[in-house]
Amino acid sequence: MLRVDRDNATAPSEEHQQRIVEYIKQIAEGIDAWIVSDYGYGLFTPKVLACLKRIARSKIMVVDSRYHMKEFKGATIVTPNQAEAEQVTGIAITDASSLYRAGEKLLKIVKPQAALITLGNKGMALFEPGKRPVHIPVVGTDTISDVTGAGDTVVALIALALSAGARFVDAARLANYAASVVVMKPGTATLTRDELVNALGTSSPTKWL
């Protein structure tokens, strides 16, 4: 099967931007946590970003941005994968030392409350200002079936956990368990409550970097 995507990264018109901003303002009060998924298609113009940044001052905002992480300063947490973290920081992540430097630089550049770098079959690393970074190893086997949707699963679980009052480290560990289930399924997969509960019975030690 061959898939061909034709993407249009043209920014919305001024009229459409205004309608987007008005809609965001309209629903903002009733939403506890926001997930911002940016694939570089032009939606997040300066006007839309300014609106989201105002909301982020009082709401949880989880940002997954492929190309423009620097534009989302002040988010609650950002969740780049290794390649995205390297692109933002200019640091090639090859070992624990370079991972530490990349995470600390990411915090300085984007200024979130926390940054979670996902590392594929090497787990993930959580960084918070003024705290020791935490490495969260993968759960179960590191042989995966399909990573499609794993990043979306991570941001969804983090947003849910933070909304329920979890600490960043606990939210990250829950997301790690969730991702461990999703990557073992082919294609774009979802996660059920029972699957997450069952996964929590698997050991996943937390380590300081």
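This is a predicted model: local features need pLDDT of at least 70, side-chain atom pairs count only at pLDDT 80 or more; totals for chains, interfaces and linings use all residues.
Which residues of helix 5 are buried? The buried residues of helix 5 are Ala150, Thr153, Val154, Val155, Leu157, Ile158, Ala159, Ala161 and Leu162.

Now the helix itself. Helix 5 covers residues 150-163, which makes 14 residues. After helix 5 comes Gly165, with a positive phi near 100°.

Next, its partner. Two packed helices are described by the angle between their axes and the distance between those axes. Here the partner is helix 6, residues 168-182. The two axes come within 8 Å and cross at roughly 145°. The crossing is right-handed. From helix 5, the contact uses Ala150, Thr153, Val154, Leu157, Ile158, Ala161 and Leu162. From helix 6, it uses Phe168, Ala171, Leu174, Ala175, Ala178, Ala179 and Val182. What is the make-up of that contact by residue class? The count is 13 nonpolar, one polar and no charged.

On to the cores. In soluble globular proteins, nonpolar side chains tend to be buried together. The largest nonpolar core here has 33 residues. Leu52, Met61, Val63, Val78 and Leu106 touch the most other members. Several elements each supply at least two residues of this core, including helix 1 (14-28), strand 1 (33-38), helix 2 (46-56) and helix 4 (96-110). Look at Leu52. Leaving out residues up to four places away in sequence, Leu52 touches Ile24, Trp34, Val36, Phe44 and Met61. A separate core of 28 residues lies apart from the largest one. Among its members are Val62, Val134, Ile158 and Ala178. Ile158 and Ala178 also belong to the contact between helix 5 and helix 6.

Last, two loop residues. Is Glu128 buried or exposed? Its relative accessible area is 13%; the limit for buried is under 20%, so Glu128 counts as buried. Glu128 sits in the loop between strand 5 (124-127) and strand 6 (134-136). Beyond residues up to four places away in sequence, Glu128 touches Leu107, Gln113, Ala114 and Phe168.

Then Lys111, in the loop between helix 4 and strand 4. Relative accessibility is 54% for Lys111, and exposed means over 50%, so Lys111 is exposed. The phi of Lys111 is near 60°, a positive value in a residue other than glycine.

Notes
Residues are numbered from 1 along each chain as its sequence is written. Side-chain values use heavy atoms; hydrogens and water are left out. Helices (H or I, at least four residues) and strands (E, at least two) are DSSP runs, numbered from the N terminus. Buried means under 20% relative accessible area, exposed over 50%, partly exposed in between (1.4 Å probe, protein chains only). Contact means heavy atoms within 4.5 Å. The expected span of a helix is 1.5 Å times one less than its number of residues. Axes are lines fitted to C-alpha atoms, for helices over the stretch in contact, and angles run from 0 to 180 degrees between N-to-C directions. A crossing is left-handed if the near helix is turned anticlockwise from the far one by less than a right angle, and right-handed if clockwise. Ala, Val, Leu, Ile, Met, Phe, Trp, Tyr, Cys and Pro count as nonpolar, Asp, Glu, Lys and Arg as charged, and the others, Gly among them, as polar. A nonpolar core is a set of buried Ala, Val, Leu, Ile, Met, Phe, Trp, Tyr and Cys residues joined through side-chain atoms within 4.5 Å.
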